[in-house]
Amino acid sequence: MRKILIATDFSESAAQAASFAANCFANEAVHYHLVYVSDCHVKPGRKQPKLPCKGEKCGANRIKLQQFHQNFQKLLNPKLHRSDVFFVDLPPVEALRKQVIEHQIELIVIGCCGPDKKPQLGRFAQDVIIRVQCPFLIVPPRAEIGTNNSLAFATNFNNNYQSSVMNTLTDFATTNDLKLKILHFSKNNPDLNAIQNANREFLNEFIEDPQAFTEIKGGALYAALDEYQQQHPIGILGLLAKNRSFCEQLLFKPTSNGHASVFENQLPVLLLHE
């Protein structure tokens, strides 16, 4: 049985992410862990509460978590799915790391909506997706599974790829009947060095489909990807977390010059950790 964590703050974005996950794994045996991380520890100057926190706000949020759980259960098949809730009184990174280790979590699902309601990662999400060593599925507010039938893994072939990363990538593609593509981003230089060639060959042997490889060019990654997405719609974008340059350009920084961001294009992201 798969073990999937869904992080919630009770927002519409979190509800959408939960619904997206339920659709992705509708035909798989899954134990869902619905986790709310208390904000008692993240406000500057605030005295840390005794654990578990019994303040009025925490009490109200425990009720909201149960309501979130009840709504989520309506999306599940009781013959295939289990779900439990966890109210965690720890700082966000520590909270999720603890859940991953104690419950052997295979995937963390989070919504994508900033304080101004734009489809972007908030401070909490930016912190945990890099520091918590677990694959993440990041879901924009209006994303729909099955809209486009491809999972595109963006790379520059500079990083080596562990088999565990590729297994996660191919397993997600197979589970959701997605065609796996490799998008090679090149800044106008098509020639690969020895390291890049070795990494490309590894991907080629793992995927065994020469037609899966596509090269996209451009000065800015977000612009090249946006232009490619307009002509060849992608269902889900795969990224390697240790490729910090790609994460910075596609996940953390706002775009400009008239190009839509990954999340403005309602493109879910599968972020892979080794």
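Trainee: What makes both faces of S9 count as covered?

Mentor: Ile236, Gly238 and Leu240 on one side and Leu237 and Leu239 on the other are all buried. Buried means under 20% relative accessible area, exposed over 50%, and partly exposed in between, with a 1.4 Å probe and protein chains only. The model is predicted: local features need pLDDT of at least 70, side-chain atom pairs count only at pLDDT 80 or more, and totals for chains, interfaces and linings use all residues. Numbering starts from 1 along each chain as its sequence is written, and side-chain values use heavy atoms, leaving out hydrogens and water.

Trainee: Why is S9 called a strand, and how do you know which strands pair with S9?

Mentor: Strands (E, at least two residues) and helices (H or I, at least four) are DSSP runs, numbered from the N terminus. Two strands pair if DSSP finds at least two bridges between them. Strand S6 (residues 150-155) and S9 have three bridges, in the parallel sense, and Ile236 is the bridge partner of Leu151. S9 and S10 run parallel and are joined by four bridges; Leu237 has Val269 as its bridge partner in S10.

Trainee: Why is Ile129 called buried?

Mentor: Its relative accessible area is 0%, so Ile129 is buried. Ile129 lies in helix H4 (residues 123-131), where Ala125, Val128 and Ile130 are buried as well.

Trainee: What covers the buried residues of H4?

Mentor: The cover includes helix H3 (92-103), strand S4 (107-111), strand S5 (136-139), helix H8 (244-252) and strand S10 (269-272). Contact means heavy atoms within 4.5 Å. Not counting residues up to four places away in sequence, Ile129 touches residues including Ile110, Phe136, Leu251 and Leu271. The C-alpha atoms of Ile129 and Ile110 are 9.3 Å apart, for a separation of 19 residues along the chain.

Trainee: What makes a group of residues a nonpolar core, and which members of the largest one touch the most others?

Mentor: A nonpolar core is a set of buried Ala, Val, Leu, Ile, Met, Phe, Trp, Tyr and Cys residues joined through side-chain atoms within 4.5 Å. The largest has 49 residues, and Leu121, Ile129, Ile138 and Leu251 touch the most other members. Helix H7 (residues 221-231) gives the most to this core, six residues. Another core, of 41 residues, lies apart from it and includes Ala14, Leu34, Ile182 and Ile207.

Trainee: How do you know how confident the prediction is?

Mentor: By pLDDT, the predictor's confidence in each residue, from 0 to 100. The protein averages 87, and 89% of the residues score at least 70.
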